[in-house]
Amino acid sequence: MATVLEQYIDLKGRIGAKITAGNFPPEQMLQYQEMLYRIDVLETCMAFGKTAPVTMDQRVLSYHYQMLDAFIMCLLQERRLGLPGDEKVKNQRECAYNNLNTVIATFRKQFSSFKPTAADTYRSTIHNMINTILPAWMSYRNTYVAL
């Protein structure tokens with residue numbers, strides 16, 4: 001079974017062929033832009049997971065976490081565009097945003113006093129964090145542009 005990222009990359013290729021052939025409807029550009037954005041976020045999160053240091057050196061861990069934290073915090077603020085929504089859609093967006101914000105806040109609190117117990121503790125915690133945040137983020141994004 002293909003991952004979401006693999007599905008998006010496959011879709012990107014198929015749409016790219018349509019764009020090259022001049023057969024891509026302009027009214028689908030919002031979905032195309034959203035797909036490209038999601039690919040970027042998923043690939044970046046994968047890179048953060050793969051580059052998470054295996055060490056107990058707090059200075060090294062702190063540097064990596066600060067970059068990841070800044071990236072994650074941007075996910076709350078960027079790309080708030082989509083098709084206009086009625087009150088139901090606005091409520092869904094607000095609920096999904098609040099859920100994502102809660103998930104992120106929980107991990108930020110955990111990392112405010114993070115002390116690794118073994119060299120690989122940070123890496124496994126980062127993987128858990130990313131694997132928890134991404135589904136909440138995808139749900140949030142789907143309230144703006146469903147793919």
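Mentor: Helices here are DSSP runs of at least four residues, numbered from the N terminus. With that in hand, leucine 11 falls in helix α1, residues 4–21. Bear in mind that this is a predicted model.

Trainee: Is leucine 11 buried, partly exposed or exposed?

Mentor: Its relative accessible area is 27%. Buried would need under 20%, and exposed over 50%. Leucine 11 is therefore partly exposed.

Trainee: Which elements make up the protein, and in what order do they run?

Mentor: The count comes to 5 helices and 0 strands. From the N terminus on, the order is therefore α-α-α-α-α.

Trainee: How are α2 and α3 oriented to each other?

Mentor: Let's start with the axes of α2 (residues 29–51) and α3 (residues 58–77), which come within 11 Å and cross at roughly 160°. Angles over 145 degrees count as roughly antiparallel. The two helices, α2 and α3, are therefore roughly antiparallel.

Trainee: What kinds of residues form the contact of α2 with α3?

Mentor: From α2 come Tyr37, Val41, Thr44, Cys45, Phe48 and Thr51, which meet His64, Met67, Leu68, Phe71 and Leu75 of α3. Sorted by type, the residues of this contact are 8 nonpolar, 3 polar and no charged.

Trainee: What share of the contacts with a separation of 6 or more joins residues 24 or more positions apart?

Mentor: Good one to finish on! Contact here means heavy atoms within 4.5 Å. Among contacts in the protein with a separation of 6 or more, the share from residues 24 or more positions apart is 80%.

Technical notes: Residues numbered from 1 in each chain as written. Predicted model: local features only at pLDDT ≥ 70, side-chain atom pairs only at ≥ 80, totals over all residues. Heavy atoms only, no water. Axes fitted to C-alpha atoms, helices over the stretch in contact; angles between N-to-C directions. Parallel < 35°, antiparallel > 145°, perpendicular 65-115°, else oblique. Nonpolar A, V, L, I, M, F, W, Y, C, P; charged D, E, K, R; others polar. Buried < 20%, exposed > 50% of the residue type's maximum accessible area, 1.4 Å probe, protein only.
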